[in-house]
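Subject: The structure I promised you

Hi,

Here is the structure I said I would pass on. Have a look at it first, and then read my notes below.

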Amino acid sequence: MKAVVMKEVGGTDVMELVDCAEPVAQPGHVVVEIAAAGVNFMDIGVRQGMAWTEIPNPKVLGVEGAGRAIAVGDGVDELEVGDRVAWAYAPGSYAQRHSIPAGSLVKIPDAIDDATAASVMMQGLTASHFATDFYPVQAGDIALVHAAAGGVGLLLTQIIRLKGGRVIGRVSSEDKVACARKAGAEHVIVDAEGQFADDVLRVTGGEGVNVVYDGSGPKTFKGSIDALRRSGTFCWYGPVLGGPGPLDIMSLPKSIKIGYATFMDHVHTHALLLARTKQLFEWIEDGSITVTTGGVYPLADAARAHADMASRATTGKLLLIP
Ligand SMILES: NC(=O)c1ccc[n+]([C@@H]2O[C@H](COP(=O)([O-])OP(=O)(O)OC[C@H]3O[C@@H](n4cnc5c(N)ncnc54)[C@H](OP(=O)(O)O)[C@@H]3O)[C@@H](O)[C@H]2O)c1
């Protein structure tokens with residue numbers, strides 16, 4: 001079977017479509033024929049050597065996808081061959097087939113297609129965590145969402161709106177404004193240089209926002225603090241683009257709270273994975289949130305998907321079709 005590996009740490013040139021051994025269903029695992037694999041910004045970080053350093057190269061990239069169970073290992077009771085399943089974190093998902101621990105899998109409801117399910121497992125669960133557990137958005141709250149037309153950004157904007165919150169989005173180019181607005185951002189700031197705080201303060205009558213969601217690297221960090229109101233919450237989540245460096249806690253103004261949110265804290269048990277995805281799928285089924293597909297690529301073109309995402313030109317979800 002074919003899979004996309006990274007031969008070594010580096011740029012997109014280290015990615016290669018290769019032949020791999022067919023996976024077999026080990027005890028507790030399910031082999032899935034992958035219909036769609038999600039591309040996530042973290043995959044770029046893995047390729048650049050920021051994570052998974054304990055896994056030797058060459059290794060298959062990708063963590064997310066959806067497809068159909070084709071073999072079930074011993075000890076798996078809740079799934080059978082033919083079930084449509086999706087998963088959020090199974091390293092090695094840029095492949096035609098993959099053996100995945102049953103505990104990482106959820107069944108996909110009939111009303112949801114494979115591409116849609118694959119699109120929300122990482123970015124949707126992340127967005128749901130940010131707006132519920134990390135900072136439970138209240139009706140009337142105003143949030144600043146960075147990279148508002150991206151995969152996390154579009155879903156987060158919709159979930160905040162669903163909870164009665166209002167959204168100011170920040171995107172890097174005019175091309176993305178309409179997309180962020182369509183998701184529900186009532187004001188969209190175009191900025192790629194970290195110069196957005198004054199705009200946020202102006203739009204909020206000088207008050208600032210209740211919460212800022214920032215995974216956009218060191219350039220936006222100071223502006224995000226400046227854009228917060230007193231006792232506001234800073235949800236920081238961008239390990240790939242990097243943090244601000246060491247922070248002096250006594251330098252933090254306005255009684256703000258800062259934390260590093262990771263979706264793993266949202267779904268750290270199988271029961272939570274089932275509950276959180278059930279909620280996401282219900283929101284999709286009843287039309288509360290919609291998924292924007294920004295690009296569909298053949299598996300062989302995974303490197304192009306990475307290059308497009310890193311170019312800041314993409315909106316919504318990028319998918320690979322094996
Ligand atoms: N903590 C967690 O659990 C978790 C989970 C999922 C994702 N994340 C993080 O969430 C962020 C978004 O991830 P995603 O998968 O949804 O990707 P995405 O938002 O679809 O794409 C990344 C976005 O980041 C911005 N960007 C790209 N390169 C950049 C650069 N060099 N400098 C500044 N901004 C750049 C671009 O938006 P603009 O050009 O409009 O600014 C781009 O659209 C990433 O930082 C990712 O690491 C964290």
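One term before we start: contact means heavy atoms within 4.5 Å. Also, this is a predicted model, so local features need pLDDT of at least 70 and side-chain atom pairs count only at pLDDT 80 or more, while totals for chains, interfaces and linings use all residues. Residues are numbered from 1 along each chain as its sequence is written, and side-chain values use heavy atoms, with hydrogens and water left out.

Let's begin with Pro23, in the loop between strand S2 (15–19) and strand S3 (29–39). Helices (H or I, at least four residues) and strands (E, at least two) are DSSP runs, numbered from the N terminus. If you skip its neighbours within four places in sequence, Pro23 is in contact with Met1, Val31, Arg97, His98 and Ser99. Pro23 and Ile100 are 77 residues apart along the chain, yet their C-alpha atoms are separated by 9.5 Å.

Most residues other than glycine have a negative phi, and most peptide bonds are trans. Trp52 is not a glycine but has a positive phi of about 60°, and the peptide bond from Asn57 to Pro58 is cis, with omega near 0°. Trp52 lies in the loop between H1 and S4, and Pro58 is found in the loop between H1 and strand S4 (59–60).

Now for the helices. Axes are lines fitted to C-alpha atoms, for helices over the stretch in contact, and angles run from 0 to 180 degrees between N-to-C directions. Helix H3 (residues 122–134) packs against helix H4 (residues 151–162) at about 45°, with the axes 8 Å apart. That makes H3 oblique to H4 (under 35 degrees counts as roughly parallel, over 145 as roughly antiparallel, 65 to 115 as roughly perpendicular and the rest as oblique). On the H3 side the contact includes Phe130 and Ala131, and on the H4 side it includes Leu155 and Ile159. By class, this contact of H3 with H4 has eight nonpolar, five polar and no charged residues. (Ala, Val, Leu, Ile, Met, Phe, Trp, Tyr, Cys and Pro count as nonpolar, Asp, Glu, Lys and Arg as charged, and the others, Gly among them, as polar.)

How does H3 sit against helix H8 (residues 270–285)? They pack at an angle of about 100°, with their axes 10 Å apart, and that makes H3 roughly perpendicular to H8. Gly124, Leu125, Ser128 and Asp133 of H3 make the contact with Leu273, Arg276, Thr277, Leu280 and Trp283 of H8.

On a 1 Å grid over the protein atoms alone, a cavity is a set of points where a 1.4 Å probe fits but cannot get out, and a pocket is an open set with protein on both sides within 12 Å along at least five of seven lines; lining residues have an atom within 4 Å of a point. Grid points are joined across faces, edges and corners, and a volume is the space filled by probe spheres set on the points.

The largest pocket has a volume of about 1200 Å³. It is lined by 47 residues, and Phe41, Met42, Gly215, Tyr237 and Gly238 are the closest to its centre. The search of the whole structure finds one cavity of 30 Å³ or more. The largest cavity has a volume of about 60 Å³, and H4 gives the most to its lining, with four residues.

Cheers
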